[in-house]
Amino acid sequence: MPGHNGSESGPKSVEAAEPGPIFKWETLCEAGPYRLRYKEPVHGKLFEVKLTCGRKVTVFRADEEEFYFCHGLTFGGKDAPGGPVSPFSGEDVRTILEYHYRPVDPESHAVGGDILIWWRASGGTSHSAILLNPVVELGRNYLDYRSVLRSKNGVLPEADMTLQQLIDAPDGYGESYTVFRRR
């Protein structure tokens, strides 16, 4: 657990060069209708799209064409031509991570623009967010709870939240996360 005592090295936000998209949008191909099972269901379609590495993943696009969830924010799907899309499953997220990201270890080396992925006990992903302002206390190898991330929780709008808020979120993201950096 990140401690809150001792001297702080301060924010380490670094503007990294913006890499290009990981999706080859010209390959976006409809796979069929789908309904996300939220309290208020979200109707839309599943699509397959190739990544720049050549692998295919499945993404979701809502019929309303404005809805996207955390993985759409984290991996750039919110900027898809024709409306936002979100990588659909934990398997799709693992494929994106394997071919386009690398773990940051120790996490104290995280910089602004890195992403955090929360894992379920089953091995799937429960949430992802973009690190905006990492805070690491001197001598620690992990992010402090005061680190700020951009998050998109389900149907809620994007918001800047502290790591503490995401760990304690009503959806129960918890402390089982990994920091990744774009290759």
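Which residues are linked with Lys78 in a network of salt bridges? Arg150, Glu158 and Asp160 are. Here are my notes on the rest.

1. Some ground rules. This is a predicted model, where local features need pLDDT of at least 70 and side-chain atom pairs count only at pLDDT 80 or more, while totals for chains, interfaces and linings use all residues. Residues are numbered from 1 along each chain as its sequence is written, and side-chain values use heavy atoms, with hydrogens and water left out.

2. Salt bridges overall. A salt bridge here is a side-chain nitrogen of Lys or Arg within 4 Å of a carboxyl oxygen of Asp or Glu. Side chains of opposite charge can pair when their charged atoms come close. Searching the whole structure turns up eight salt bridges.

3. Arg150 and Asp160 make a salt bridge, with 2.4 Å between the closest N and O atoms. Arg150 sits in strand 10 and Asp160 in strand 11, ten residues apart, and the pair links distant parts of the chain. (Strands are DSSP runs of E, at least two residues, numbered from the N terminus.) Both residues are partly exposed: Arg150 has a relative accessible area of 28%, and Asp160 comes in at 44%. For these labels, buried means under 20% relative accessible area, exposed means over 50%, and partly exposed is in between (1.4 Å probe, protein chains only).

4. Another salt bridge to look up. Arg181 pairs with Asp114, their closest N and O atoms being 2.8 Å apart. Arg181 is in strand 12 (residues 177-182) and Asp114 is in the loop between strand 6 and strand 7 (115-119), so the pair ties together parts that are 67 residues apart in sequence. Asp114 is buried, at 3% relative accessible area.

5. Glu48 is partly exposed, with a relative accessible area of 36%, whereas Lys56 is exposed at 52%.

6. Six strands make an open sheet in the order 6-12-7-8-10-11, with antiparallel pairing. Strand 6 (101-103) and strand 11 are at the edges with a single partner strand each, so one side of each has no neighbour in the sheet. From one strand to the next, the twist averages 40 degrees (axes are lines fitted to C-alpha atoms, and angles run from 0 to 180 degrees between N-to-C directions). Strands of a sheet pair through backbone hydrogen bonds, either parallel or antiparallel.

7. Zooming in on one pairing. Strand 10 and strand 11 pair in the antiparallel sense over four bridges; two strands count as paired if DSSP finds at least two bridges between them. Follow Val148 across and you find its bridge partner, Thr162, in strand 11.

8. Around strand 10. What sits in the loop between strand 9 (135-137) and strand 10? Asp144 does, and it is buried, with 2% relative accessibility. Its side chain makes a polar contact with the side chain of Arg146 at 2.6 Å (a pair of N or O atoms within 3.5 Å; within protein, one must be able to donate a hydrogen and the other to accept it, and residues adjacent in sequence count only if both atoms are side-chain atoms). Val155 is in the loop between strand 10 (148-151) and strand 11 (159-162), and Val155 is exposed at 53%.
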